[in-house]
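Visitor: I am new to this protein and would like to learn how to read its features one at a time. Could you walk me through it?

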Amino acid sequence: MVPSILHGESRVDKTTNPSYNLIPISQDDEDHEISYNCDEFCGTPWRIARTILGLISIVVFLATIFANEYSDTPMTHTTPPRFFLHSFCVDKFNISQGELSATWNVDLNISNGANSSFINFLNLKAFMVFKEDIALAVSTPIQTEDLLDIRGVFFMDKNENKTLHLSFNTTGWERDQPVVDDDVIQEIDREMITGVMSFGLRIEVEAEIEFNMMNLPVFMQPYCPNLEVDFAPLRRGEAATLVAIDEVRECFDNVDQWNIVGY
């Protein structure tokens, strides 16, 4: 048979079965890509980053534990000082022309317990009161123990006791003394007839204490109520004193007032 010739084409025998060979795909490219990615994210920079994050997590965890323990017991090792009335007397007490003229003298004992820190008294003001909240007189300012110390009036160390003298003197005309209303004056005049009158001693303290290696401000309001005075000695020209003179009297502080600022 003479083979036919087609211009521009070649004839393929359709009866011939073509054979196909499977060529395996090389894994080199995929392995290279994985290796490249690992070099980018699993190498030294990534290990350093993981180490830093781990250290930060540990620090945050320890700080949280410390903060919880610190906030749960902020006052465990710090107790407020205690105030005791050592002596109380009324040297003069008279009402004339609707004005109160009176003089009180008080010795106050302050005890800074063994479990306390040092305490620096920045300011201490005392009020002689009637009916618990009516101020009759304000104590004279306390002189600073150390003239070179501009921060406070006196200082108490741990486990130290101190006796403080307070004097109250009012004639009803001083500008630095409370103004007593007429109705209060009339009530006091009626009680004087009975021979016994009850006063109260209210104290306001601004101080600072040592707390966790820092000096922190605190505020206290000790109060001595029901100070009953027998006026019979005044009629004899003597100082009037407390009815129960031998009774130990502590000026208790309101619990809410023993606050370390910011805690």
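Visitor: Which side chains do Glu 238 and Arg 236 use, if any, and what do they meet in?

Guide: The general idea first: side chains of opposite charge can pair when their charged atoms come close. Here the side chains of Glu 238 and Arg 236 meet in a salt bridge, at 3.5 Å from N to O. The term salt bridge asks for a side-chain nitrogen of Lys or Arg within 4 Å of a carboxyl oxygen of Asp or Glu. Glu 238 is partly exposed at 43% relative accessibility, and Arg 236 is exposed at 55%. Buried means under 20% relative accessible area, exposed means over 50%, and partly exposed is in between (1.4 Å probe, protein chains only).

Please keep in mind that this is a predicted model: local features need pLDDT of at least 70, side-chain atom pairs count only at pLDDT 80 or more, and totals for chains, interfaces and linings use all residues. Residues are numbered from 1 along each chain as its sequence is written, and side-chain values use heavy atoms, with hydrogens and water left out.

Visitor: How many salt bridges are there by this rule?

Guide: The count comes to four. One of them joins Glu 187 and Lys 131, again at 3.5 Å from N to O. Glu 187 sits in helix α3 and Lys 131 in the loop between β3 and β4, so this pair ties together parts that are 56 residues apart in sequence. Glu 187 is partly exposed at 26%, and Lys 131 is partly exposed at 42%.

Visitor: What does the salt bridge of Glu 250 and Arg 82 tie together?

Guide: Those two side chains meet at 2.8 Å, N to O. Glu 250 is in strand β11 and Arg 82 in strand β1, so the bridge ties together parts that are 168 residues apart in sequence. With a relative accessible area of 17%, Glu 250 is buried, whereas Arg 82 is partly exposed at 43%. For the names: helices (H or I, at least four residues) and strands (E, at least two) are DSSP runs, numbered from the N terminus. The protein has four helices and 12 strands.

Visitor: Now helix α3. Which of its residues are buried?

Guide: In α3, residues 182–194, the buried ones are Val 184, Ile 185, Ile 188, Glu 191 and Met 192. Seen down the axis of α3, they fall within an arc of 125° (taken from the directions from the helix axis to the C-beta atoms), so they line one face of the helix. On the other side, Asp 182, Asp 183, Arg 190, Ile 193 and Thr 194 are exposed.

Visitor: What do the buried residues of α3 pack against?

Guide: Their partners are β1 (82–96), β2 (99–112), β3 (119–130), β4 (134–138), β7 (196–211) and α4 (232–235). Contact here means heavy atoms within 4.5 Å. After α3 comes Gly 195, whose phi is positive, near 95°.

Visitor: And what does Asn 120 touch?

Guide: Asn 120 lies in strand β3 and is buried, with a relative accessible area of 6%. Leaving aside residues up to four places away in sequence, it touches Arg 151, Gly 152, Phe 154, Phe 155, Glu 206, Ala 207 and Glu 208. Asn 120 and Asp 157 are 37 residues apart in sequence and 8.5 Å apart in space, C-alpha to C-alpha.

Visitor: Which cysteines form a disulfide?

Guide: A disulfide is a pair of cysteine sulfur atoms within 2.5 Å, and by this rule there is one. Cys 224 and Cys 251 form it, with their sulfur atoms 1.4 Å apart in the model. The torsion about their S-S bond is about -80°, so the disulfide is left-handed. Cys 224 lies in strand β9 (residues 222–230) and Cys 251 in strand β11 (residues 249–253), so the pair ties together parts that are 27 residues apart in sequence. Cys 224 is buried at 2% relative accessibility, and Cys 251 is buried at 3%.

Visitor: To finish, what share of the residues is buried?

Guide: Buried residues make up 32% of the 263 residues in the protein. Among contacts with a separation of 6 or more, 73% come from residues 24 or more positions apart.
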